[in-house]
Amino acid sequence: MFFGQNGAHNRLSHMELSLSHRLFNSSSSLPSLFNSRIKLSQTHLFSLNNHHQKLQFFTGLHHKLAASMEPQTTIPHAFDNGSSITSSETGRIGEVKRTTKETNVHVRINLDGTGVAENNSGIPFLDHMLDQLASHGLFDVHVKATGDIHIDDHHTNEDVALAIGTALLQALGDRKGINRFGDFSAPLDEALVHVSLDLSGRPHLNFDVQIPTQRVGTYDTQLVEHFFQSLVNTSGMTLHIRQLAGKNSHHIIEATFKAFARALRQATEYDLRRGGSVPSSKGVLSRS
């Protein structure tokens with residue numbers, strides 16, 4: 001069908017598509033996107049003439065919906081665990097400073113990032129593992145830490161994990177609209193590690209991993225479990241880590257961080273069918 005250059009074109013340029021609640025089968029709790037009116041130009045209308053382009057158009061609307069669900073949150077000081085919040089920003093970003101007599105830690109995490117990693121904890125192997133968290137979780141992870149590593153890595157490893165957990169807690173906010181659960185198994189050569197987690201607000205760690213050597217490089221392998229226990233304590237996460245196979249210590253630990261990153265990515269991503277509601281029959285998910 002063709003239109004004239006004047007009257008019909010002007011009418012088309014002002015046509016509007018109203019998005020009803022029925023279009024996305026959602027509840028009244030959805031963001032104001034559903035009450036908005038989206039203006040379509042003549043070019044956009046013609047681009048919807050085939051099914052594939054229609055699908056692309058509405059997929060784009062879904063992405064806009066997900067972005068509109070991002071909470072504006074601050075973390076209560078009662079849950080700081082020694083970490084003072086240095087910024088409160090729109091979106092799912094957590095930024096934490098933790099300063100003690102033993103360490104000085106600064107962490108910034110963007111859950112909706114692209115996998116940018118800038119990590120300098122003073123512990124090279126830990127930095128390598130944090131890079132896995134960023135790369136495979138598609139989080140932007142920035143960690144800068146100084147500590148008493150002339151004694152050992154224990155305090156710095158612990159305080160980095162505590163700060164990351166607090167940053168996750170801050171970034172997640174009220175946890176509306178997220179999947180909440182994540183589950184992933186990651187292989188690395190002969191090693192295979194399974195991670196299942198629940199962003200429930202209830203901290204619990206089940207760590208069933210047998211690392212055969214005491215050290216990888218200069219890193220004490222006992223600190224792997226301690227890292228995840230510290231992160232769980234401040235984030236309010238239920239976390240199960242189970243080694244299914246593996247003989248090489250480096251491979252086992254790296255597979256653990258990769259599986260954790262992918263499971264956390266699943267859990268923090270938005271479930272569009274949920275329509276912005278809290279994924280709990282209680283109607284609330286909070287740090288207990």
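User: In this predicted model, what makes the pairing of the side chains of Asp159 and Arg98 a polar contact?

Analyst: The side chain of Asp159 reaches the side chain of Arg98 at 3.3 Å, and a polar contact asks for a pair of N or O atoms within 3.5 Å, one able to donate a hydrogen and the other to accept it, so the pair qualifies. The side chain of Asp159 also makes a polar contact with the side chain of Thr103, at 2.4 Å.

User: Why is Asp159 called buried?

Analyst: Its relative accessible area is 3%, and buried means under 20%, so Asp159 counts as buried. Leaving aside neighbours within four places in sequence, Asp159 is in contact with Arg98, Thr100, Thr103 and Val105.

User: Which helix holds Asp159, and how do you know that this helix is mostly covered?

Analyst: Asp159 lies in helix α6, residues 154-172, where 16 of the 19 residues are buried, each of these having under 20% relative accessible area.

User: What makes the span of α6 close to the expected one?

Analyst: From its first C-alpha to its last, α6 reaches 27 Å, and the span expected at 1.5 Å a residue is 27 Å. After α6 comes Gly173, with a positive phi near 60 degrees.

User: How are α5 and α8 placed relative to one another, and what kinds of residues make up their contact?

Analyst: The axes of α5 (residues 124-137) and α8 (residues 249-268) come within 8 Å and cross at roughly 35 degrees, in a right-handed crossing. The residues of this contact divide into eight nonpolar, five polar and four charged.

Notes:
Residues are numbered from 1 along each chain as its sequence is written. This is a predicted model: local features need pLDDT of at least 70, side-chain atom pairs count only at pLDDT 80 or more; totals for chains, interfaces and linings use all residues. Side-chain values use heavy atoms; hydrogens and water are left out. Axes are lines fitted to C-alpha atoms, for helices over the stretch in contact, and angles run from 0 to 180 degrees between N-to-C directions. Helices (H or I, at least four residues) and strands (E, at least two) are DSSP runs, numbered from the N terminus. A crossing is left-handed if the near helix is turned anticlockwise from the far one by less than a right angle, and right-handed if clockwise. Ala, Val, Leu, Ile, Met, Phe, Trp, Tyr, Cys and Pro count as nonpolar, Asp, Glu, Lys and Arg as charged, and the others, Gly among them, as polar. Buried means under 20% relative accessible area, exposed over 50%, partly exposed in between (1.4 Å probe, protein chains only). Contact means heavy atoms within 4.5 Å. The expected span of a helix is 1.5 Å times one less than its number of residues.
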